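Here are my notes on the model, point by point. Have it open beside you as you read.

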Protein chains: 2
Amino acid sequence: MTEPGMTRGADAVLAALSFDADGLVAAVAQQHDSGEVLMLAWMNREAVRETLTTGRVCYWSRSRQALWRKGESSGHVQRLVELRVDCDGDAVLLRVDQTGAACHTGQRSCFFRAARGGALVTIAAPIA
Amino acid sequence: MTEPGMTRGADAVLAALSFDADGLVAAVAQQHDSGEVLMLAWMNREAVRETLTTGRVCYWSRSRQALWRKGESSGHVQRLVELRVDCDGDAVLLRVDQTGAACHTGQRSCFFRAARGGALVTIAAPIA
């Protein structure tokens, strides 16, 4: 069910966004309570609207050129806690509650490698 | 001064990155201790190398088409604490120590507006 307030919220957010030549904005997903940055993906207007109206995060897959309902096949859904918009409207911050692994590799976060000394090292173990 | 280890670190990171058609990767800056997501910007190869070798964050400005040494004019520099690379190498997470405001509006974070009910509201006051 769509709350009237959420629909109006989508309109206000969409009006503040500046979509690029491909019709996309960058979307950073962050676990709302721990602050962990989980992934970076992309959203078009429809993905933003669906995310705000359903409360489940939906991206735009650039490789598949299709809406990407996060967790639809894996079960690793992202429940939207809050959507924030940056100063120039070309990026959004999705504060989410992530079920399981955000990354297709089974890692909690896609950012599981860090530059340490002279190398790039894996700093976390897969959770799934 | 450049530490030999940091130069080697840049090579390892650059080898893991997949730059887009414009030669860029997305870069998310996060305050290392609070977890606050500060901004999203872009880096080319030279910006990544300079950031890793100097320890001060340098982006690529798409509007000015030039290296953007964050804080060079404002003093609001970002000291690099750790650079992480995502699973497919097209985004980096910069864990930084931000001096002052990350946003040109004087806000600590560029993500200072949130969808609340039917509106997009400002959720923080400028700090500078």
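1. Starting with the interface: chain B and chain A bury about 3,100 Å² between them, and carbon and sulfur atoms give 65% of that. Buried area here is the accessible area (1.4 Å probe) that two parts lose on being put together, summed over both. On the chain B side, Cys87(B), Phe111(B) and Arg113(B) supply 21% of the area that chain B buries against chain A, more than any other three residues.

2. A word on conventions: this is a predicted model, where local features need pLDDT of at least 70 and side-chain atom pairs count only at pLDDT 80 or more, while totals for chains, interfaces and linings use all residues. Residues are numbered from 1 along each chain as its sequence is written, chains are lettered from A and ligands numbered from 1 in the order in which they are written, and side-chain values use heavy atoms, with hydrogens and water left out.

3. Counting contacts (heavy atoms within 4.5 Å), 41 residues come from chain B and 41 residues from chain A. The salt-bridge rule (a side-chain nitrogen of Lys or Arg within 4 Å of a carboxyl oxygen of Asp or Glu) finds 4 across this interface. Arg62(A) and Asp90(B) form a salt bridge through their side chains, at 3.3 Å from N to O.

4. There are also 14 residue pairs in polar contact between chain B and chain A, both residues at pLDDT 80 or more. A polar contact is a pair of N or O atoms within 3.5 Å; within protein, one must be able to donate a hydrogen and the other to accept it, and residues adjacent in sequence count only if both atoms are side-chain atoms. Which element gives the most to the side of chain B that touches chain A? That is helix 1 of chain B, with 6 residues. Helices (H or I, at least four residues) and strands (E, at least two) are DSSP runs, numbered from the N terminus.

5. The two chains also share strand pairing (at least two DSSP bridges between the strands). Strand 7 of chain A, residues 113-116, pairs with strand 5 of chain B in the antiparallel sense over 2 bridges. Within this pairing, look for Arg113(A) opposite Val85(B).

6. Now Asn44(B), in the loop between strand 2 and helix 2 of chain B. Is this residue buried or exposed? Asn44(B) counts as buried because its relative accessibility is 14%, with the cut-offs being under 20% for buried, over 50% for exposed and partly exposed in between (1.4 Å probe, protein chains only). Its side chain reaches the backbone nitrogen of Ala47(B) at 2.8 Å. Beyond its neighbours within four places in sequence, Asn44(B) is in contact with Phe19(B), Gly23(B), Leu24(B), Trp60(B) and Leu67(B).

7. Thr53(B) sits in helix 2 of chain B and, at 13% relative accessibility, is buried. The Thr53(B) side chain reaches two backbone oxygens: that of Arg49(B) at 2.8 Å and that of Glu50(B) at 3.3 Å.

8. Last, some backbone angles to check. Most residues other than glycine have a negative phi. Gln65(A) has a positive phi near 50°, and Gln65(B) has one of about 50°. Gln65(A) is in the loop between strand 3 and strand 4 of chain A and is exposed at 53%; Gln65(B) is in the loop between strand 3 and strand 4 of chain B and is exposed, also at 53%. Just after helix 2 of chain A, Gly55(A) takes a positive phi of about 80°.
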